[in-house]
Amino acid sequence: MLENDKMYEALGISKEVCAYGRYILEGLKERFLQIDEIAEYNQMKVIKAMQEAKVSEACLLGTTGYGYNDLGRDTLESVYANIFHTQDALVRPQITCGTHALAVALSSCLRPGDELLSPVGKPYDTLEEVIGIRPAKGSLAEYGVTYRQVDLLEDGSFDYEQIKKAVNDRTKMVTIQRSKGYQTRPTLSVEKIGELIAFLKSIKPDLICMVDNCYGEFVEKTEPAEAGADMVVGSLIKNPGGGLAPTGGYIAGKKGCIENAACRLTSPGLAKEVGASLGILPSFYQGLFLAPTVTAGALKGAVFAANLYEPLGFAVIPGAKEERHDIIQAITFGVPEGVAAFCKGIQAAAPVDSFVTPEPWDMPGYDSKVIMAAGAFVSGSSIELSADGPMKPPYAVYFQGGLTWCHAKFGIMKSLQQLLDDRVISYAQLPYTTIS
Ligand SMILES: *Cc1c(COP(=O)(O)O)cnc(C)c1O
């Protein structure tokens with residue numbers, strides 16, 4: 001233990017922070033065992049799917065050109081379909097990010113005159129332009145697809161009465177975001193998503209229910225299609241890429257939905273048949289193989305951060321004791337110096353670019369400066385330890401990731417050390433630390 005403290009000290013972390021961290025961890029043993037148990041289940045699920053699909057050495061090779069008969073690509077898609085309990089899947093490097101995957105899924109199933117419903121409030125920022133809530137070129141609105149939204153009730157539950165009123169003749173598709181994203185609403189459990197889908201389908205059985213699964217993969221033992229979702233969508237530089245996938249996205253779902261999505265992604269008539277995998281498949285397979293334990297590490301980091309910061313008087317979402325359904329942790333500092341120090345600490349703990357200091361900057365799509373910490377092997381990867389915060393009240397940071405629990409722990413302790421070094425908090429405020 002002391003040897004580890006010496007190593008931490010060599011990396012700029014004080015004895016006091018080490019002692020406080022150790023104290024907090026003592027109380028988390030039970031939580032961590034639960035997280036490990038889920039990871040174990042999901043690891044077996046992934047291995048089982050790979051074995052059943054007969055993943056072979058030949059699957060790790062790639063194709064070029066049109067990518068006809070790409071064994072590795074087609075096998076990987078059947079592995080995803082197995083894991084996500086769907087009939088089919090599209091897992092491609094040509095899907096550039098989560099937003100693109102969601103845009104493909106939505107636009108592939110909606111036609112002019114159709115309506116899209118979000119029964120869980122405002123969707124993720126980037127989807128506002130996909131849908132046309134904020135005007136944008138090529139939005140669904142431009143193609144004559146209308147949009148309706150029902151907000152969650154004050155306590156975060158579904159507004160069933162308004163949802164029932166919102167479903168009409170033209171409602172074709174429903175988008176349900178599992179993660180809170182950068183909002184303060186609760187993240188939805190798979191069980192809750194199931195209740196919502198059951199209700200929606202009782203009103204209109206042929207609704208296509210799509211779940212934005214970003215940050216939720218492998219956090220629970222089940223995935224949304226098991227709760228009735230027709231399409232499940234996410235990014236490979238988040239949980240399911242396991243930190244190794246350098247790009248890509250996935251759409252898993254009903255056969256007809258995936259056919260629609262493939263026709264939209266490539267071309268009508270070509271669908272899933274084209275799309276060279278080049279040399280990317282080893283990282284997709286191996287990343288997926290690692291994803292359950294990588295997600296567990298990130299989850300432990302989120303739980304540790306909540307439990308470390310809550311006793312210091314900072315509001316945390318989810319709360320220290322709260323159950324988790326995604327890997328995002330929000331911490332509210334109330335002052336800009338807190339957000340800046342936290343991000344500085346996370347950056348200083350990174351394996352890449354640890355020597356740079358993050359500065360608040362104007363970002364497209366944001367109405368305030370944003371500070372970001374990311375020292376990632378894969379640019380923009382948020383399954384790697386990363387944090388960002390808009391420089392405006394309530395001065396909260398959103399942090400996520402960590403490819404290993406040890407790195408997540410180090411980063412979080414480093415953030416606390418930075419808050420102490422920058423005098424946002426004082427050593428006297430650290431509870432429970434008795435240094436011998
Ligand atoms: C990250 C995220 C997206 C968008 O993904 P990008 O890869 O950043 O385009 C969409 N929805 C949610 C909930 C997300 O967390």
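## A walk through the predicted model

Setting aside its neighbours within four places in sequence, His85 is in contact with Ala225 and Glu226. His85 sits in the loop between helix H4 (71-83) and strand E1 (88-92). Glu226 is 141 residues away from His85 in sequence, yet their C-alpha atoms are 6.2 Å apart in space. The two side chains also make a polar contact with each other, at 3.3 Å. As for solvent, His85 has a relative accessible area of 45%, so it counts as partly exposed.

**The ligand and its shell**

What surrounds the ligand? The shell is made up of Cys97, Gly98, Thr99, Leu102, Tyr124, Gln177, Asp212, Cys214, Tyr215, Ser235 and Lys238. By type, these residues split into five nonpolar, four polar and two charged. Helix H5 (residues 98-109) gives the most to this shell, with three residues.

| Residue | Side-chain atom | Ligand atom | Distance |
|---|---|---|---|
| Thr99 | polar atom | oxygen | 2.5 Å |
| Asp212 | N or O atom | nitrogen | 2.6 Å |
| Lys238 | N or O atom | oxygen | 3.0 Å |

Taken alone, the ligand exposes 380 Å², and the protein buries 89% of that.

Now for the packing. In soluble globular proteins, nonpolar side chains tend to be buried together. Here the largest nonpolar core has 57 residues, and the ones with the most contacts inside it are Phe304, Tyr309, Ile331, Phe333, Phe342 and Leu416. Which elements supply at least two residues each? On the helix side they are H2 (15-26), H3 (29-52), H10 (281-309), H11 (336-348) and H12 (405-421), and on the strand side E9 (329-332), E11 (369-374) and E13 (396-400). H10 provides the largest share of this core, with ten residues.

Leaving out neighbours within four places in sequence, Tyr309 is in contact with Phe314, Val316, Ile331, Phe333, Phe342, Ile412, Ser415, Leu416 and Leu419. Apart from this core lies another one, of 44 residues, including Cys59, Ala81, Leu152 and Leu200.

**A loop around Glu142**

Back out to a loop, this time the one between helix H6 (125-131) and strand E3 (146-149), which is where Glu142 is placed. Is Glu142 buried or exposed? With a relative accessible area of 55%, it is over the 50% cut-off and therefore counts as exposed. Not counting residues up to four places away in sequence, Glu142 touches Ala136 and Lys137. A polar atom of the Glu142 side chain also lies 2.9 Å from the backbone nitrogen of Gly138.

Most residues other than glycine have a negative phi, and most peptide bonds are trans.

Start with the peptide bonds. Ile317 and Pro318 are joined by a cis peptide bond, with omega about -5 degrees. Pro318 is in the loop between strand E8 (315-317) and E9. Another cis bond joins Pro393 and Pro394, where omega is about 5 degrees. Pro394 falls in the loop between strand E12 (386-390) and E13.

Then there is phi. Asn69, which is not a glycine, has a positive phi of about 50 degrees. Where is Asn69? This residue lies in the loop between H3 and H4, and its relative accessible area of 70% makes it exposed. Asp353 also has a positive phi, near 60 degrees, again in a residue other than glycine. Asp353 is found in the loop between H11 and strand E10 (361-362). Its relative accessible area is 37%, so Asp353 is partly exposed.

Methods:
Residues are numbered from 1 along each chain as its sequence is written. This is a predicted model: local features need pLDDT of at least 70, side-chain atom pairs count only at pLDDT 80 or more; totals for chains, interfaces and linings use all residues. Side-chain values use heavy atoms; hydrogens and water are left out. A residue is near a molecule or strand if one of its heavy atoms lies within 4 Å of it. A polar contact is a pair of N or O atoms within 3.5 Å; within protein, one must be able to donate a hydrogen and the other to accept it, and residues adjacent in sequence count only if both atoms are side-chain atoms. Accessible areas come from the Shrake-Rupley method with a 1.4 Å probe; for residues, only the protein chains shown count as cover. Helices (H or I, at least four residues) and strands (E, at least two) are DSSP runs, numbered from the N terminus. Ala, Val, Leu, Ile, Met, Phe, Trp, Tyr, Cys and Pro count as nonpolar, Asp, Glu, Lys and Arg as charged, and the others, Gly among them, as polar. A nonpolar core is a set of buried Ala, Val, Leu, Ile, Met, Phe, Trp, Tyr and Cys residues joined through side-chain atoms within 4.5 Å. Buried means under 20% relative accessible area, exposed over 50%, partly exposed in between (1.4 Å probe, protein chains only). Contact means heavy atoms within 4.5 Å.
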